[in-house]
Amino acid sequence: SSGINAEWPLRPGASMYTLLNLMSVNGVSASITVSVLGYCMLPMCALAAISALLSLKGLFGVILSILTVSWAAFASSKLFVSVLAMYDQQPLVAYPCALMYGIFAVLTVF
């Protein structure tokens with residue numbers, strides 16, 4: 001049980017690292033991948049701070065979560081696309097980023 005909890009935060013970074021290296025010609029380092037994902041996690045931290053003060057289980061929480069996930073996914077995909085020169089592929093990069101940040105939003109709300 002503790003092994004699963006210890007390795008779970010590494011899975012999104014490893015998955016994005018693998019996916020980005022399969023999609024790009026140049027490739028990206030693991031440190032850049034994890035740094036961008038962590039930096040763009042800042043809106044999720046704001047969502048967590050708001051959830052400590054207010055209940056996010058209603059319509060307000062759903063709308064705020066969608067906005068937060070969209071912001072984080074757009075920011076991270078924009079950074080990945082600019083680093084890897086994959087300008088036509090931003091929606092393809094944003095989708096897995098949104099899935100990852102969506103998981104964190106669900107954990108924050110519930």
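User: What makes Leu59, Val62, Ile63, Ile66 and Leu67 a nonpolar patch on the surface?

Analyst: Happy to walk through this predicted model with you. Leu59, Val62, Ile63, Ile66 and Leu67 together have about 510 Å² of accessible area. A patch takes residues with over 30% relative accessible area and no salt bridge, and joins nonpolar side chains within 5 Å, so these five are grouped under that rule.

User: Why is Leu67 called exposed?

Analyst: Leu67, which is found in helix H5 (residues 59–84), has a relative accessible area of 55%.

User: How do you know that the side chain of Ser65 has a polar contact with the backbone oxygen of Gly61?

Analyst: A polar atom of the Ser65 side chain lies 2.7 Å from that Gly61 oxygen. The limit for a polar contact is 3.5 Å, so this pair qualifies.

User: Let's turn to Ser76. Why does this residue count as buried?

Analyst: Ser76, placed in helix H5, has 0% relative accessibility. With buried set at under 20%, the conclusion is that Ser76 is buried. Beyond neighbours within four places in sequence, Ser76 is in contact with Val36, Cys40, Cys97 and Tyr101. Its side chain also reaches the backbone oxygen of Ala73 at 3.2 Å, and the limit of 3.5 Å makes that a polar contact.

User: Where does Met41 lie relative to Ser76?

Analyst: The two are 35 residues apart along the chain, with their C-alpha atoms separated by 8.8 Å.

User: Which residues touch the most other members of the largest nonpolar core?

Analyst: Leu20, Met44, Phe80, Val93, Cys97 and Tyr101 do, in a core of 24 residues. At least two core residues come from each of helix H2 (10–23), helix H3 (30–39), helix H4 (42–53), H5 and helix H6 (90–109). H5 gives the largest share, 7 residues. As background, nonpolar side chains tend to be buried together in soluble globular proteins.

User: What does Tyr101 touch, not counting residues up to four places away in sequence?

Analyst: Tyr101 touches Val36, Leu37, Cys40, Met41, Met44, Val69, Ala72, Ala73 and Ser76. Each counts as a contact because heavy atoms come within 4.5 Å.

Notes: Residues are numbered from 1 along each chain as its sequence is written. This is a predicted model: local features need pLDDT of at least 70, side-chain atom pairs count only at pLDDT 80 or more; totals for chains, interfaces and linings use all residues. Side-chain values use heavy atoms; hydrogens and water are left out. Patches are made of residues with over 30% relative accessible area and no salt bridge: like charges are joined within 9 Å, nonpolar side chains (Val, Leu, Ile, Met, Phe, Trp, Tyr) within 5 Å. Accessible areas come from the Shrake-Rupley method with a 1.4 Å probe; for residues, only the protein chains shown count as cover. A salt bridge is a side-chain nitrogen of Lys or Arg within 4 Å of a carboxyl oxygen of Asp or Glu. Helices (H or I, at least four residues) and strands (E, at least two) are DSSP runs, numbered from the N terminus. Buried means under 20% relative accessible area, exposed over 50%, partly exposed in between (1.4 Å probe, protein chains only). A nonpolar core is a set of buried Ala, Val, Leu, Ile, Met, Phe, Trp, Tyr and Cys residues joined through side-chain atoms within 4.5 Å. A polar contact is a pair of N or O atoms within 3.5 Å; within protein, one must be able to donate a hydrogen and the other to accept it, and residues adjacent in sequence count only if both atoms are side-chain atoms.
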